[in-house]
Amino acid sequence: MVTLTDHGMILCEDSTFSRWENEEQANRGKSRTMAYRILQAHNQSGDMRQLKLKFDALVSPDNNYVNILQTARASGIRKFPVPYVLSNCHHTLCAVGGTINEDDHVFGLGNAKKYGGIFVPPYRAVLHQYMREMMAGCGKMILGSDSHTRYGAVGTLGVGEGGGEVAKQLLGRTYDLAYPPVIAVRLTGSPRPGVGPQDVALALVGATFQNNFNKNKILEFVGSGIANLSMEYRMGIDVMTTESAVLSSIWCTDEKTEEYLAEHGRAEDYQRLMPETGAYYDGLIEIDLSKVECMIALPFHPSNAMPIREFKERLPEIVAQIEEVGQKIKGEKGEAFSIMSHIRGGEFYADQALVSGCSGGMFENIVAMADILKGYGIPGNALNLGVNPASLPVMADLMKQGIAGELAVCGVTLRPAICGPCFGVTDVPANNQISIRHMTRNYPNREGSKPGQGQMAAACLMDARSIAATVRNGGRLTAATELDVEYRELRHHFDPAIYQNQVYDNFGRGDENESPVMGPNIADWPEMAPLKKHLLLKVTGSYHGSVTTDELIPSGEASSFRSNPEKISEYTMISRDPEYVGRAKVVRSLERQRCAGDRRTDDALLNRMLDALAQRTGCGADEITLGSVMVSDQIGDGSSREQAASCQKVLGGFANLANEYATKRYRSNLINWGILPLRTTEKLDLPNGTWLFVENIAGQVRDGVQEMEVEILAGETANVIQTIPCTLDQLTEEERNILMSGCLINYYRGQRKTKPE
């Protein structure tokens with residue numbers, strides 16, 4: 001299905017690829033890609049090796065726009081310089097905490113009024129569907145504070161980053177990075193009936209995530225197979241590229257793209273995008289669409305993908321492996337995690353089925369489900385099937401063309417246009433149950449279970465077509481290609497009046513006299529100290545394997561508190577290490593004691609260690625920062641949520657130490673919150689309570705020193721037991737200044753004070 005070529009390739013005149021020959025050919029060919037031309041048009045640096053990008057539009061959902069707005073407000077924003085869409089699609093059905101979620105919406109609307117934003121009220125659209133329908137266009141760039149900001153199928157380079165990067169754009173700053181590698185994805189052939197976009201996407205993710213093939217790169221989709229895919233099919237593949245750790249994606253455009261943009265009122269945004277002959281790519285992915293099978297991504301990651309056929313052939317073996325991994329996640333609380341009972345008569349049975357959001361909830365997916373379920377009634381004593389269309393225009397057309405009625409008669413429940421099931425705030429299965437979902441992720445807790453409290457379920461990702469086939473067969477896992485179905489080719493008709501009547505578009509018309517209402521849960525960021533000369537760190541979280549952003553800050557009801565930095569920090573690592581918060585708070589309390597008094601603490605051993613370090617370095621104890629540090633092999637796989645970093649900072653964190661940072665967006669989040677992203681190739685075995693010291697860290701950051709040593713200290717003597725060679729990798733001048741200031745807010749505040757009025 002998928003073939004990888006891990007070396008430079010050149011696009012030939014006949015649309016095939018050949019191996020690159022020399023550096024001159026590669027350098028010349030880089031400028032012939034679609035990605036290069038779009039990046040060049042948005043680059044402010046004048047140097048394509050070091051990009052400083054400004055975006056055409058920005059977008060944030062309600063589970064993080066409050067934090068972003070608070071950062072921008074604290075940094076002195078006057079107006080939104082580009083269209084900024086505030087979407088209300090994550091917290092709309094989450095009632096945790098009383099009024100606090102709707103308080104966030106009121107605050108968002110107030111900011112849209114004051115600074116000139118675009119406010120999409122609840123239930124109108126999932127943010128990415130709205131951006132596809134109303135904002136994306138050929139040659140554009142859009143930055144979002146959600147990791148699935150992907151609009152490549154509409155000719156737009158979409159980038160999902162943490163909130164700090166969106167705040168920078170709001171303040172007129174740039175998004176800075178070295179020119180990224182570009183990978184060609186050559187599509188050929190045509191999918192078989194019953195094979196959907198999620199199947200293609202899972203095949204791609206399964207082939208590229210674990211080996212880091214796509215990490216922090218741009219995917220450029222080319223090839224004759226594109227013409228055989230509808231726009232929605234392309235979008236369904238495109239949005240899932242996030243799960244392979246890419247930076248962004250772009251597709252060749254054609255008459256289907258032109259027709260899509262015209263129907264959505266943006267005919268002028270169409271332009272033909274395609275690479276030039278001789279374009280150079282850093283690698284090649286080839287996908288023969290005709291060979292793609294119906295896929296399933298097993299718990300607990302989208303990359304755990306395989307054909308449904310293979311899973312069914314190896315059922316006992318693979319289910320036992322899932323149980324083993326799930327038990328490690330759950331730990332010893334409650335009964336054992338067990339799903340072997342889902343194998344009955346040699347077949348695998350699911351308990352729940354959901355199709356939702358930016359990947360699943362599109363018109364064609366839902367029509368295909370109606371075709372598969374035609375004449376079938378879902379019994380009330382079996383699994384239920386819920387569908388969240390991606391937008392109100394999609395819902396309206398399903399109703400107008402009778403599809404909604406067909407599904408209702410079958411027993412399918414159509415829900416509002418929200419992201420709820422995707423990150424675990426709605427439709428939680430029972431303990432030890434299996435949910436099959438056409439959504440973006442199936443990490444632990446994404447289905448809403450609480451392993452730390454003895455509750456454990458699991459989710460598998462599948463395409464809507466195979467989900468419907470499974471439902472039709474009473475929950476027995478079934479690939480859609482196993483059924484003989486007559487699929488209709490209904491055309492989706494977009495009604496612009498829905499958004500014209502209901503979306504508040506105030507871009508360019510802000511009123512500085514507006515005063516946004518802050519509900520009782522909306523809190524300002526706490527004061528964060530700048531980096532002092534030296535850094536003493538205590539390990540408060542030490543893990544092996546990967547630490548995901550879902551573990552750093554879980555989805556579900558915890559996300560309701562994201563407008564309150566102190567409250568949300570209480571959930572840090574709660575699903576994996578409930579003791580982390582307590583350990584970090586102890587260190588934070590000790591540092592607060594030092595800052596409030598005579599630089600002494602209640603910990604006599606720590607005082608002696610600080611005295612020894614001060615004597616050794618020839619400085620005063622007030623020149624040493626005390627903070628906590630998290631250590632793991634890999635940190636940061638998953639969503640762009642900035643709280644994964646900001647909560648560590650609120651709890652007194654000053655550094656992470658890892659062999660690898662899973663994504664650029666997580667590393668950027670760390671920097672924007674003043675947390676040093678230390679990386680080492682050494683095997684890390686540092687138990688909680690270990691003391692680490694970095695001498696002259698402020699000077700090394702200021703001077704751009706990349707290679708440094710982290711010392712492991714012995715108790716109160718502060719003798720060095722061992723040194724760990726580390727790097728901060730390449731930092732821009734602004735990133736160095738942010739780290740030295742303690743966080744992005746401090747940095748911008750400092751600039752405001754030094755600028756003349």
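Okay, quick definition to start: helices (H or I, at least four residues) and strands (E, at least two) are DSSP runs, numbered from the N terminus. Arg309 has a relative accessible area of 40%, so it is partly exposed; buried means under 20% relative accessible area, exposed over 50%, and partly exposed is in between (1.4 Å probe, protein chains only). Along the chain, Arg309 and Ile296 are 13 residues apart, and their C-alpha atoms are separated by 9.2 Å.

A word on where this comes from. It's a predicted model, where local features need pLDDT of at least 70, side-chain atom pairs count only at pLDDT 80 or more, and totals for chains, interfaces and linings use all residues. Residues are numbered from 1 along each chain as its sequence is written, and side-chain values use heavy atoms, with hydrogens and water left out.

Now, the aromatics. How many aromatic pairs does a search of the whole structure find? The search finds 15. Rings of Phe, Tyr and Trp (its six-membered ring) pair if their centres lie within 6.5 Å; planes under 30 degrees apart count as stacked, over 60 as edge-to-face, and the rest as tilted.

Take Tyr36 and Tyr179: the ring centres are 5.7 Å apart and the planes are at 55 degrees, so this is a tilted pair. Tyr36 is in helix H2 (residues 34–42), while Tyr179 is in the loop between strand S10 (175–178) and strand S11 (182–188), so the pair links distant parts of the chain, 143 residues apart. Tyr36 counts as buried at 16% relative accessibility, and Tyr179 counts as buried at 18%.

Next up, Phe311 and Phe348. Their centres are 5.2 Å apart with the planes at 70 degrees, so we call that pair edge-to-face. Phe311 belongs to helix H10 (residues 308–313) and Phe348 to strand S19 (residues 347–348), so the pair ties together parts 37 residues apart in sequence. Phe311 counts as buried, at 0% relative accessibility, and Phe348 is buried too, at 3%.

There's also a cluster: ring pairs link Phe80, Tyr84 and Tyr115.

What about charges over rings? The rule is that NZ of Lys or CZ of Arg is within 6 Å of the ring centre and within 35 degrees of the ring normal. Lys217 lies over the face of Phe213, at 5.5 Å from the ring centre, and Lys649 lies over the face of Phe654, at 3.8 Å.

On to strands, which pair if DSSP finds at least two bridges between them. Strand S2 (residues 9–11) pairs with S14 over 2 bridges, and Met9 stands opposite Tyr281 in S14.

Elsewhere, strand S29 (residues 653–661) and strand S30 (residues 676–679) run parallel, joined by 4 bridges. Ala655 has Leu676 in S30 as its bridge partner.

Last stop, Gln352, in strand S20 (residues 352–356). Is Gln352 buried or exposed? Its relative accessible area is 11%, so Gln352 is buried. Its side chain makes a polar contact with the side chain of Ser435 at 2.5 Å (a pair of N or O atoms within 3.5 Å; within protein, one must be able to donate a hydrogen and the other to accept it, and residues adjacent in sequence count only if both atoms are side-chain atoms).
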